[in-house]
Amino acid sequence: MKDVRIEKWEQDLDQLAASLPSKHKNLFYKMKSESFYKKIARLKSELSTLDNIEILVRICKIVAAARDGHTSVLFPAREFLPFKVYWFEEGIYILAATSGQADLVNCKVERINGMEIDQAVGLFKKVISHENELFFRSQLPDYLCAVDILYGLEIVDETNEVELELTGIDGNPFRTVVPSVSSDEYHSILTEVDSDLDRIPLYRRNGDQPYWSEMIDDYNTLYFNYNSCREMTAGGLGDFTEAIMNQIKKNDVERLILDLRNNRGGNSTLLDPFIDKIRKCEKINQAGRLYVVIGRDTFSSALLNAYALKNKTNAIFIGEPTGGKPNCYGEVQYFKLNNSKVEIRYSTKYYKLIKSDTVLSLSPDVELLPTFRDYIENRDPCLEYVLQNAKTFDKITE
């Protein structure tokens, strides 16, 4: 008699083979259909040699091979490393940790269970759905901290604890073993909490709010942080837009910064009225007075907003290239595998924003890449660039 566990996985894989190609707008635009079906057949033949986590990671690899950033497996990770990391120009660093691991904050990750971090990153490229290097960098921190995935990639042998080799803020290397934590405990440290908000730069504040603004009085500059393409209140972004436009008209606002660097998308149409009003605002819609900050997390609907601003305004774009690819698949829908209940998301629409399909990102006019040194010194090179040029620009235009 066939093992019930294997039989259920076979059914889920058959469902994946039938449903994903039929539901996706164009699943085989990058990978060959033969490869997709062969990978599923091979996984079915090896089910008896794999545990459930290993099977899930193999499914992630199959789906990620589509090279569509919107099409992926929502991996049900249960065990995590007890900290938050970020990939800076200098490497991957720990930014926050549970109280028991506070001494690891600001340390650089060198090896995981003896494996060089660059080698581990290479393995993650096979399971993370992405269309360009920037969006891979954007997503890697969550995947890297998921111990279940580390186990499924054979980077670690068990999920209850992980050996790490780190370099401290003092430059000295050391080795430590950290216990894994639950999903709830891990996600509790993802939102930065700082009692002294004046100490950290604007782009790292109010991460739980879809949008907010602040006037930088000394430079007559209005900063508008658009973290997520979603509504926040009943009046929503419409009322917020009116308030910003009134502030520009009535107050001594000489320039506007729209920050999209943390925005992974939502409903792109929400910002359309704002873009239209800024386009018609002669006071702001000119070079040197309107700036848009973009980065690796600028994706999906936020990328659509960025291109609308690029095409309709005279904004100067600063920051990193976007994680979103200009011509891409999107408009996400979901389905669940019947037995494992694993959720698969897939694209239902194709967006063509530019002629060339070989362009992988929207690149800024002024590239300013995030560094660990800037982070620990609580500096924002993008804001500094605008403010440093503000006085010069105002003098030229007087």
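Student: Which residue in β8 stands opposite E165?

Tutor: The residue opposite E165 is R175 in β8. Strands here are DSSP runs of E with at least two residues, helices are runs of H or I with at least four, and both are numbered from the N terminus; two strands pair if DSSP finds at least two bridges between them. In this case β7 (residues 161–167) and β8 (residues 173–179) pair in the antiparallel sense, over 7 bridges. In their hairpin, with 5 residues between the strands, G171 takes a positive phi near 90 degrees.

Student: What should I keep in mind about the model and the numbering?

Tutor: This is a predicted model, in which local features need pLDDT of at least 70 and side-chain atom pairs count only at pLDDT 80 or more, while totals for chains, interfaces and linings use all residues. Residues are numbered from 1 along each chain as its sequence is written, and side-chain values use heavy atoms, with hydrogens and water left out.

Student: What is the order of the open sheet of 3 strands?

Tutor: The order is β1-β16-β15, with antiparallel pairing. Because β1 (72–74) and β15 (328–336) each have a single partner strand, they stand at the edges, and one side of each is left without a neighbour in the sheet. Neighbouring strands of this sheet are turned by 30 degrees against each other on average, direction ignored; axes are lines fitted to C-alpha atoms, for helices over the stretch in contact, and angles between N-to-C directions run from 0 to 180 degrees. Between β15 and β16 (residues 343–351) there are 8 bridges in the antiparallel sense, and G330 stands opposite K349 in β16.

Student: At roughly what angle do the axes of α1 and α2 cross?

Tutor: Angles under 35 degrees count as roughly parallel, over 145 as roughly antiparallel, 65 to 115 as roughly perpendicular and the rest as oblique. The axes of α1 (residues 4–23) and α2 (residues 33–45) come within 10 Å and cross at roughly 175 degrees, and the two helices are therefore roughly antiparallel to each other.

Student: Which residues in α1 meet α2?

Tutor: Taking contact as heavy atoms within 4.5 Å, E10, L13, D14, L16, A17, L20 and P21 in α1 meet F36, Y37, I40, L43 and K44 in α2. By class, this contact has 9 nonpolar, no polar and 3 charged residues, where Ala, Val, Leu, Ile, Met, Phe, Trp, Tyr, Cys and Pro count as nonpolar, Asp, Glu, Lys and Arg as charged, and the others, Gly among them, as polar.

Student: Which residues have the most contacts inside the largest nonpolar core?

Tutor: A nonpolar core is a set of buried Ala, Val, Leu, Ile, Met, Phe, Trp, Tyr and Cys residues joined through side-chain atoms within 4.5 Å; buried means under 20% relative accessible area, exposed over 50% and partly exposed in between, with a 1.4 Å probe and protein chains only. The largest core has 67 residues, and those with the most contacts inside it are I59, I112 and F124. Its largest share, 8 residues, comes from α3 (residues 52–64). Leaving aside neighbours within four places in sequence, I59 is in contact with W9, L13, L16, L43, V73 and L337.

Student: Where is M232 found?

Tutor: M232 is found in the loop between β11 (221–226) and α8 (236–250), and M232 counts as partly exposed because its relative accessibility is 37%. Beyond neighbours within four places in sequence, M232 is in contact with Q209, P210 and Y211.
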